[in-house]
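Welcome! Take a moment to look over the molecule below, then try the exercises with the worked solutions beside you.

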Amino acid sequence: MSDLDLLTQSLARNVKRWRTERGFTLDTLAARAGVSRGMLIQIEQARTNPSLGTVVKIGDALGVSITTLLDYGQGPKVRVVPAEQAVRLWHTEVGSYNRLLAGTEAPGPLELWDWRLMPGESSPSDPHPAGTVELVHVTTGELTLTVDGVPYRVPAGASASFEANTPHIYGNEGGEPMEMVLAVSVPPVG
């Protein structure tokens, strides 16, 4: 079985599990996530490989991290993720990517990401639920972080934090690859 098949089956099992645990119907989760009921049915039946944006919206609506939705199984209290098992959820042909390094529920979803953006590339993000906070630390190059339409320059060695309940874009307007570490903290579903 391929890694993609394992992820598709884990996503199907975990979306259904967390939807049931939250007491959400398919219609309720669809409305909360802004995803069609048909898409949720396909996901829960492991018949589709949804986009990263769709998985983020479902995780946000359920109040769980992407790591939890893609987790192959429940492990011990300490979870070590070998470098080769970090999940690459987005990439471009010229070399931009993000990798989910680790995540947990504490008390809401908390995720740690490794990002690389090649010159001239950007990655937009839809607003997350109110109370979501993101922290970035740029290790190489310069990030152009646009939050609610306002650009901010974050050079190598600098960090930024922001409330992520508005549209935001990670961009590289420089001439060299930009690398950063990103942490996302989403409040628990109330």
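Predicted model: local features only at pLDDT ≥ 70, side-chain atom pairs only at ≥ 80, totals over all residues.

**Exercise 1. Describe how H2 and H3 pack against each other.**

Step 1: Two packed helices are described by the angle between their axes and the distance between the axes. For H2 and H3, the angle is about 110° and the axes are 9 Å apart.

Step 2: Angles of 65 to 115 degrees count as roughly perpendicular, so H2 is roughly perpendicular to H3. The crossing of the two helices is right-handed.

Step 3: Now find the residues that meet. H2 brings Leu26, Asp27, Leu29 and Ala30, while H3 brings Arg37, Leu40, Ile41 and Glu44. Sorted by kind, the residues of this contact are 5 nonpolar, no polar and 3 charged.

**Exercise 2. Find the buried residues of H4 and the helices they pack against.**

Step 1: Walk along H4, residues 52-62, and pick out Thr54, Val55, Ile58, Gly59, Asp60, Ala61 and Leu62, which are buried.

Step 2: Look for the partners of these buried residues: they are H1 (3-22), H2 (26-33), H3 (37-44) and H5 (66-70).

Step 3: Go on past the end of the helix. Gly63 follows H4 and has a positive phi, near 75°.

**Exercise 3. Work out the strand order of the open sheet and find its edges.**

Step 1: The sheet has 4 strands in the order E4-E9-E6-E7, with antiparallel pairing.

Step 2: E4 (122-125) and E7 (150-155) each have a single partner strand, so these two stand at the edges and one side of each has no neighbour in the sheet. On average, neighbouring strands are turned by 20° against each other, direction ignored.

Step 3: Zoom in on one pair. E4 and E9 (residues 168-171) run antiparallel and are joined by 4 bridges. Here Ser123 stands opposite Tyr170 in E9.

**Exercise 4. Where do Ala46 and Asp148 lie, and are they buried, partly exposed or exposed?**

Step 1: Start with Ala46, in the loop between H3 and H4. Although Ala46 is not a glycine, its phi is positive, about 55°.

Step 2: The relative accessibility of Ala46 is 31%, so this residue counts as partly exposed.

Step 3: Turn to Asp148, in the loop between E6 (142-147) and E7. Asp148 is also not a glycine, and its phi is positive, near 55°.

Step 4: Exposed means over 50% relative accessible area. Asp148 has a relative accessibility of 52%, so it counts as exposed.

Conventions. Residues numbered from 1 in each chain as written. Heavy atoms only, no water. Buried < 20%, exposed > 50% of the residue type's maximum accessible area, 1.4 Å probe, protein only. Contact = heavy atoms within 4.5 Å. Pairing = 2+ DSSP bridges. Axes fitted to C-alpha atoms, helices over the stretch in contact; angles between N-to-C directions. Parallel < 35°, antiparallel > 145°, perpendicular 65-115°, else oblique. Left-handed = near helix turned anticlockwise from the far one by under 90°. Nonpolar A, V, L, I, M, F, W, Y, C, P; charged D, E, K, R; others polar.
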